[in-house]
Amino acid sequence: MQSENNVFNDEIMRREFGRRLKTLLELRGMTQNELSEETGISQVSISKYLNGKSDPSLLNVLKIARALDCSLDDLTYM
């Protein structure tokens with residue numbers, strides 16, 4: 001049961017990160033490709049983050065926050 005809850009919570013967190021990332025990209029008028037170029041993160045990885053399919057590493061979250069001129073909380077706080 002505990003393992004199921006962890007998987008469920010991880011999925012919720014990935015989706016929330018993707019939702020926040022999408023919102024910030026729109027607010028900044030930035031495309032996935034531009035974010036990829038700015039951060040050095042592949043466009044495929046960014047797409048996976050946006051769709052809640054992959055967890056970004058802390059380093060990638062930091063790179064994204066810098067590129068979007070936002071705080072870590074703006075991307076991750078629940």
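Me: H2 and H4 in this model: roughly parallel or roughly perpendicular to each other?
Reply: H2 and H4 are roughly perpendicular to each other. The model is a predicted one.

Me: At what angle do helix H2 and helix H4 pack, and how far apart are their axes?
Reply: Helix H2 covers residues 32-39 and helix H4 residues 58-68, and they pack at an angle of about 110°. Their axes are 9 Å apart.

Me: Is the crossing of H2 and H4 left-handed or right-handed?
Reply: The crossing of H2 and H4 is right-handed.

Me: Which residues make the contact?
Reply: H2 contributes Leu35, Glu38 and Thr39, while H4 contributes Lys63, Ile64, Ala67 and Leu68.

Me: How do the residues of that contact divide into nonpolar, polar and charged?
Reply: Four residues of the contact of H2 with H4 are nonpolar, one is polar and two are charged.

Me: What about H2 and H3, at what angle do they pack?
Reply: H2 and H3 pack at an angle of about 120°, and their axes are 9 Å apart. That makes H2 oblique to H3. The crossing of H2 and H3 is right-handed.

Me: And which residues make the contact there?
Reply: From H2 there are Gln32, Asn33, Leu35, Ser36 and Thr39. From H3 there are Gln43, Ile46, Ser47 and Leu50. The residues of this contact divide into three nonpolar, six polar and no charged.

Me: Which residues of H2 are buried?
Reply: Leu35, Ser36 and Thr39 are the buried residues of H2. Seen down the axis of H2, they fall within an arc of 100°, so they line one face of the helix.

Me: Why would residues a few places apart point the same way?
Reply: An α-helix has 3.6 residues a turn, so residues three or four places apart point the same way.

Me: What is exposed on the other side of H2?
Reply: Glu37 and Glu38 are exposed there. Glu37 has a relative accessible area of 60%, and the cut-off for exposed is over 50%, so Glu37 counts as exposed. The C-alpha atoms of Glu37 and Ala67 are separated by 9.7 Å, with the two residues 30 residues apart along the chain.

Me: Moving on. Which residues are buried in helix H3?
Reply: Ile46, Tyr49 and Leu50 are buried in H3, which spans residues 43-50. They cover an arc of only 100° around the axis, which puts them on the same side of H3.

Me: Then the loop between H2 and H3. Is Ile41 buried or exposed?
Reply: Ile41, found in the loop between H2 and H3, counts as buried at 4% relative accessibility.

Me: What does Ile41 touch, not counting residues up to four places away in sequence?
Reply: Ile41 touches Ser36, Ile46, Tyr49, Asn60, Lys63 and Ile64 on that count. Ile41 and Lys63 are 22 residues apart in sequence, and their C-alpha atoms are 8.5 Å apart in space.

Me: Where does Gly18 lie?
Reply: Gly18 lies in helix H1, residues 2-28. At 1% relative accessibility, Gly18 counts as buried.

Me: Which residues is Gly18 in contact with, leaving aside neighbours within four places in sequence?
Reply: Gly18 is in contact with Tyr49 and Leu50. The C-alpha atoms of Gly18 and Lys48 are separated by 8.4 Å, and those two residues are 30 residues apart along the chain.

Me: Backbone now. Which residue other than glycine has a positive phi near 50°?
Reply: That is Asp69. Most residues other than glycine have a negative phi. Asp69 sits in the loop between H4 and helix H5 (72-76), and at 66% relative accessibility Asp69 counts as exposed.

Me: What is the phi of Gly40, and what of Gly52?
Reply: Gly40 follows H2 and has a positive phi, near 80°.

Me: Last one, the whole chain. How many helices and how many strands?
Reply: The chain has five helices and zero strands, in the pattern α-α-α-α-α along the sequence. Of its 78 residues, 33% count as buried. Of the contacts with a separation of 6 or more, 60% are between residues 24 or more positions apart.

Key: Residues numbered from 1 in each chain as written. Predicted model: local features only at pLDDT ≥ 70, side-chain atom pairs only at ≥ 80, totals over all residues. Heavy atoms only, no water. Axes fitted to C-alpha atoms, helices over the stretch in contact; angles between N-to-C directions. Helix = DSSP H or I, 4+ residues; strand = E, 2+ residues; numbered from the N terminus. Parallel < 35°, antiparallel > 145°, perpendicular 65-115°, else oblique. Left-handed = near helix turned anticlockwise from the far one by under 90°. Contact = heavy atoms within 4.5 Å. Nonpolar A, V, L, I, M, F, W, Y, C, P; charged D, E, K, R; others polar. Buried < 20%, exposed > 50% of the residue type's maximum accessible area, 1.4 Å probe, protein only. Arc of directions from axis to C-beta.
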